[in-house]
Amino acid sequence: MNKLKIHGLQQKALSSLGKYLFMMVLAFLAVSCSKKVEVTGKVTGGSPLERIEFTEASGVATLPVINMGVDKDGNFKGDFEAPKSGMYVISYAGKQNLIYLKTGQSLNITGDAATFPTEFKITGDAKGNNDFLQQTQKYMTEYTQKVNMQDNMNKDEGAFLKALQKIQADLEKNIDEVGKKTGADKEVISWKKNDVRTGIMSIIPQYEMYRKQMTANPAFANSKALKDYELKLQEDKDTMVKEHPLYRNYLLGKMSEDFQKYATAQTAGKTDMITSEVFSSYLKQRKDLSQTAKDYLLAFVMAQSDINPSSTKETTDKVTSIIEKDIKDAEIKKDLKKVLFVLSGLKKGEAAPEAALIKQDGKAYKIADSKGKPTVMMFYASWTPYITESTVPILSQVVDFYKQKMNFVFVNFDDTKEQFNKTSSAMLKGIPGTNVYAEGGLNSDFAKKYGIYGFKLTPSFIVLDKDGKIAGRNFFNLGDPELVALLDQLSGLKAPQVAPEASLQNDLFAPEGELQPAEGSTPPPPAPATK
């Protein structure tokens, strides 16, 4: 073979090798940069009516990042884009626990329905960090049960300070030992130490208050040594305020008295100021706080006070303005806006967005198909609590009354199309309307565009006018007087009047003189908890 041909073959081989290496690099980057967390597991004795949710624990007014169903054998599976590595809350059947997750991880979680997720076991990438958390928490619980804090509170300041320092030293020693044994990441070890320090520093203001009462001296104040120790516990304030909601509570507690005085002066003679507005103004004159601390504290207060399903449009508009002007952190700003959208829903007058929906026969369905008549859309799933008993009977009466003048579309958010077919055929049998499925359930494009989360499937309702535009806010009760008035207005009909003491949800369309006993109505969903 001549040299030229050999050289050509070598070049071709090198070119192929180069492409292979290039693809390997791309694959590595894709894995290393992935934020996806893959979860599998089994809850022994678990129920398909219960759901597993993961929520970022350190965020502000956070929404679940995933909502997974459990099959008849207790198995579950899912994946989600984790906002960041850190602490998450895992929820199931009204119980919660903390779990540390890193972006790009795969893990398996198992437990028993009676105790899950209070107790669980993990295998896979997340095992070391979560074994560390479970072991240190067990030690901390046993240790603190032996500590007589009331006895420590009765000590003089010097002895009280030494007691706190010993508690910190003992707990941090255990953290280091368990961290080494389990191979926990340094970020998790640091988080746990800050968790301990936050708990200890929260006791110090209580000591000052207690000593004021015990000494009958309202001017009593902690000594410089105790104050210096309190400051030392929070050397990395910005990290603590980002990662520990308990630290945010601590800071708010420290400024509570000062804020109350400020608020009293600012709101004198005014009746239209909301808490978020006053607190935002207060933070601007606190030069001792970093912008990071101000952003997290303001978001924390907003989520606790003014961001909820019952907020008026005026309140929501004010909150939106404060978020835009006063929150500087882009991620916090984005999270708060998302929560506002989910709770307040699409705006009245805007066109209902199109998103992928399919009918029972597998054909596509478009929102535009309902134009020409006003439309009521119901959002539900098979695991919606008590829907068959509390909603379907009243829904049947509502549809029967308005069906000549309005369209009814029932949007299902089950995990699979097969489950949708079973649920819609059984649960809504005989009720006129169009049954459709949001492909992907709560992970669907439709859920994202309409802000649908598990807590909104009670079920919930929205109403479109004849042009396919949003006609009103989200509703969670078929007997809501505002919903009844809206249906009457759009249809030109007039719903029968009932006695004021009767439950509108159940008696709205009962024949005159034949009102049935009132039952409990479905409440609106709670605002997402701030963790």
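The largest nonpolar core has 71 residues, and Phe132, Phe279, Met302, Ile307 and Leu336 touch the most other members. A nonpolar core here is a set of buried Ala, Val, Leu, Ile, Met, Phe, Trp, Tyr and Cys residues joined through side-chain atoms within 4.5 Å. Helix α5 (residues 186-215) supplies the largest share of this core, 10 residues.

The model is predicted: local features need pLDDT of at least 70, side-chain atom pairs count only at pLDDT 80 or more, and totals for chains, interfaces and linings use all residues. Residues are numbered from 1 along each chain as its sequence is written, and side-chain values use heavy atoms, with hydrogens and water left out.

**The chain as a whole**

- The protein chain has 17 helices and 14 strands; helices (H or I, at least four residues) and strands (E, at least two) are DSSP runs, numbered from the N terminus.
- Of its 531 residues, 46% count as buried. Buried means under 20% relative accessible area, exposed means over 50%, and partly exposed lies in between, with a 1.4 Å probe and protein chains only.
- Among contacts in the protein chain with a separation of 6 or more, 67% join residues 24 or more positions apart. Contact means heavy atoms within 4.5 Å.

**Helices α2 and α5**

- The axes of helix α2 (residues 127-146) and α5 come within 10 Å and cross at roughly 25 degrees. Axes are lines fitted to C-alpha atoms, for helices over the stretch in contact, and angles run from 0 to 180 degrees between N-to-C directions.
- This angle makes α2 roughly parallel to α5. Angles under 35 degrees count as roughly parallel, over 145 as roughly antiparallel, 65 to 115 as roughly perpendicular and the rest as oblique.
- The crossing of α2 and α5 is right-handed. A crossing is right-handed if the near helix is turned clockwise from the far one by less than a right angle, and left-handed if anticlockwise.
- On the α2 side the contact involves Asn129, Phe132, Leu133, Thr136, Gln137 and Met140, and on the α5 side Val188, Ile189, Trp191, Lys192, Asp195 and Val196.
- The residues of this contact divide into 7 nonpolar, 3 polar and 2 charged. Ala, Val, Leu, Ile, Met, Phe, Trp, Tyr, Cys and Pro count as nonpolar, Asp, Glu, Lys and Arg as charged, and the others, Gly among them, as polar.

**Helices α11 and α12**

- Helix α11 (residues 313-326) packs with helix α12 (residues 330-344) at an angle of about 165 degrees, and their axes are 10 Å apart.
- That angle makes α11 roughly antiparallel to α12, and their crossing is left-handed.
- From α11, Thr316, Val319, Thr320, Ile323 and Glu324 meet Lys333, Leu336, Lys337 and Leu340 of α12.
- The α11 contact with α12 has 4 nonpolar, 2 polar and 3 charged residues.

**Two residues and their neighbours**

- Ser276 is part of helix α9 (residues 275-284) and counts as buried, with 0% relative accessibility.
- Leaving aside residues up to four places away in sequence, Ser276 touches Leu298, Met302, Ser305, Asp306 and Ile322.
- Lys348 sits in the loop between α12 and β9 (357-359) and counts as exposed, at 67% relative accessibility.
- Although Lys348 and Ile470 are 122 residues apart along the chain, their C-alpha atoms are separated by 4.9 Å.
- Lys348 touches Ile470, Ala471 and Gly472, again not counting residues up to four places away in sequence.

**Backbone geometry**

- Most peptide bonds are trans, and most residues other than glycine have a negative phi.
- The bond from Phe116 to Pro117 is cis, with omega near 5 degrees; Pro117 lies in the loop between β7 (106-112) and β8 (121-124).
- The bond from Thr458 to Pro459 is cis, with omega near 0 degrees; Pro459 is in the loop between α15 (445-450) and β14 (460-464).
- Ala93, in the loop between β5 (86-92) and β6 (95-101), has a positive phi near 50 degrees. Ala93 counts as partly exposed, at 33% relative accessibility.
- Ala216, in the loop between α5 and α6 (224-232), has a positive phi near 55 degrees. Ala216 is exposed, with a relative accessible area of 67%.
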